[in-house]
Amino acid sequence: MLLEIEDVSLLYGRIQALHGISLTVDEGEIVALIGANGAGKSTTMRAISGIRPVATGRIRFAGQDITKMRPDLRVRLGLCQAPEGRGIFPGMSVLENLDMGAYTRRDRAGVAADLARVLELFPRLAERAKQPGGTLSGGEQQMLAVGRALMSRPKLLLLDEPSMGLAPMLIQQIFSIITEINQQGTTILLVEQNAQQALARAHRAYVLETGRIVKSGIGAELLHDPAVKEAYLGVA
Amino acid sequence: MSGAAERIRSDWRSVGERWRRAPKWMRWAVLAAVVLFFYALPNKEFYQYLGPIPTTGSNFGQVLFTVSIYVLLAVGLNIVVGFAGLLDLGYFGFFAVGAYTVAVLTSPSSDLKTHWPWLAVVPLAVALTMISGISLGTPTLRLRGDYLAIVTLGFAEMIRIAATSSTFLKGQRGFNQIPHPPGEYADGKPVFGVLDARPYYWLVLTLIILVVFGVRNLTRSRVGRAWVSIREDEDAAQLMGVPTFKFKLWAFAAGAAIGGLAGALYAGKVNFVNSQNFELLNSIIILAAVILGGSGNIVGAIVGGGLVAYLIERFRGIELFGWELYEFRFLFFGVVLVVMMIFRPEGLIPNRRRAAEFKDRRKEVSVGG
Ligand SMILES: Nc1ncnc2c1ncn2[C@@H]1O[C@H](COP(=O)(O)OP(=O)(O)OP(=O)(O)O)[C@@H](O)[C@H]1O
Ligand SMILES: [Mg+2]
């Protein structure tokens, strides 16, 4: 088990955003987390990456209890998140942004190889290498966020809505890239509004509703689950 | 935004572009000339040819010393505000800690009666300000948002009130006969005397150059990258594995240490320190100077600090329609700040990144609004 979340609750002040959720991610998997707006998907990601402390419960990663570990140390363990929306550094160029992704790494040769790989995955980023991140289009920023997270060479990649705000063509492309990254050996936990795509690509999936996990199962099976269909796929 | 403002912005930008594209030897030559100019500046043989630049109301060497202290403070505060993006409203408090450490340990009017030499106390003063910075930052820098601004404001006020009312710190009566820095000419006269302010100015100028080189190297290292990332997006910095708390604390402590150094230099020059030297306004002036010059850019901070301190002094002794201009210095200053915010919010000499961050924010505002 690469990631194991047990009975985690999280509070924003007095608002309880997570009510004791449990989920696991196995090595080599793509696991999707779907749910409506405000269900607590991003909050779950924040709990895993550590930028929000959990109130109760335990988080284990690669055999280690990381519940109380500082976020930067979790990155060093191999856990990296591409944040929701425009979580890139606006004043830094594309290359500098990617370089920040490798902040915890010292192996120069490995970093250079990963940079080449990321630029190959996202040729658009290569074209804009010197441009400040803040002047990229929304879709390009999204690619930059994913590429930057890859630069840490994570064992587990946390993606929070990588397809947000992308044109249909680009959505297809980003999901193919996610599959490709996974096939190259990176485990992925994927948060998505785009449930159709996410469930089709994921090995397993969890459905989150108002801070609780209400359903879980094989991705392709959930895709045909009537309740899921009605709530998240827009078909009755 | 109006067309005029846009045009002024792009004109300025092309100057910066040309500077960056100039060959290396040329930039070094310009830099050497500028440094030479400032070393020569306090000599009458030189400044008499500079028209209206030398001050009329007060001794020019004296003014230059004051200006150099402000520049050093601006360089220090720029690390905190400009590089790490932390709002410090009480920076002058660290200056006070530095000055008072020197006063208490060297002055014969101190209760401690240690009478230590000035030079021995300077490292101690710097260390102590750094420690006060760390103890102030440790509880506050873990929190996000405006706590730091409030706490630093409170800190500076606390120091001022302690200076005013504690018997140990002597209030208005203050500490006198603080020793000068050491050094003698061949004929036995001290280098750092009472009348001539120039040696003090040269000392501060030299220290500024050293500090600037140190800071510049720091900003080009991993430390600098970490600071920029924190300033631009603290959450994202954390997600990339930057130990944000540690680096914020470092920036805060480094800034504090430089403030303390400035205070120690100041005390060694004026040889009298009392509670009137540390008004809140001073903290605000330095902060405004950093923002005016272009926060996040070392040259910007130097220009901002120098310009603001110099202009304030320049107003002294000038009368217009029977009004002493000096009395209006802060009004003038406020107007300049407002104009700047309209035409050039990123400062006179902005950091390239910083300018992009501002553009990013402007875009957000126009999209969102
Ligand atoms: N910083 C915060 N302070 C207070 N409440 C918050 C904060 N962040 C999120 N919340 C609340 O917690 C709940 C879960 O938010 P979260 O961002 O995790 O939702 P989400 O599932 O990611 O939604 P979306 O699909 O819209 O991104 C929401 O009700 C939200 O209002
Ligand atoms: Mg979300």
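**Figure 1. Residue classes around the second largest cavity of the predicted model.** The lining of the second largest cavity divides into six nonpolar residues, one polar residue and no charged residue (Ala, Val, Leu, Ile, Met, Phe, Trp, Tyr, Cys and Pro count as nonpolar, Asp, Glu, Lys and Arg as charged, and the others, Gly among them, as polar). Its lining is formed by Phe122(A), Met143(A), Leu166(A), Leu170(A), Gln173(A), Ile174(A) and Ile177(A). A cavity is a set of points, on a 1 Å grid over the protein atoms alone, where a 1.4 Å probe fits but cannot get out, and lining residues have an atom within 4 Å of a point. With four residues, helix α7 (residues 168–183) of chain A gives the most to this lining; helices are DSSP runs (H or I, at least four residues), numbered from the N terminus. The volume is about 40 Å³, taken as the space filled by probe spheres set on the points, with grid points joined across faces, edges and corners.

This is a predicted model in which local features need pLDDT of at least 70 and side-chain atom pairs count only at pLDDT 80 or more, while totals for chains, interfaces and linings use all residues. Residues are numbered from 1 along each chain as its sequence is written, chains are lettered from A and ligands numbered from 1 in the order in which they are written, and side-chain values use heavy atoms, with hydrogens and water left out.

**Figure 2. The largest cavity, with its lining in chain B.** Two cavities of 30 Å³ or more are found in the whole structure, and the largest holds about 60 Å³ of space. Helices α5 (92–106), α7 (147–165) and α12 (280–293) of chain B each supply at least two lining residues. The largest share, four residues, comes from α7(B). Among the lining residues are Phe92(B), Ala156(B), Arg160(B), Leu280(B) and Ser283(B). By class, this lining has six nonpolar, two polar and three charged residues.

Figure 3. Ser68(B) counts as buried because its relative accessibility is 4% (buried means under 20% relative accessible area, with a 1.4 Å probe and protein chains only). Beyond its neighbours within four places in sequence, Ser68(B) is in contact with Tyr201(B), Val204(B) and Ile208(B), where contact means heavy atoms within 4.5 Å.

**Figure 4. Polar side-chain atoms of chain A at ligand 1.** Ligand 1 is surrounded by 15 residues, and the closest are Lys41(A), Ser42(A), Thr43(A), Glu84(A) and Gln193(A) (a heavy atom within 4 Å). An N or O atom in the side chain of Lys41(A) is 2.6 Å from an oxygen atom of ligand 1. For Ser42(A), a polar side-chain atom lies 2.7 Å from a ligand oxygen atom, and for Glu161(A) the distance is 3.2 Å.

Terms used:
On a 1 Å grid over the protein atoms alone, a cavity is a set of points where a 1.4 Å probe fits but cannot get out, and a pocket is an open set with protein on both sides within 12 Å along at least five of seven lines; lining residues have an atom within 4 Å of a point. Buried means under 20% relative accessible area, exposed over 50%, partly exposed in between (1.4 Å probe, protein chains only). A polar contact is a pair of N or O atoms within 3.5 Å; within protein, one must be able to donate a hydrogen and the other to accept it, and residues adjacent in sequence count only if both atoms are side-chain atoms.
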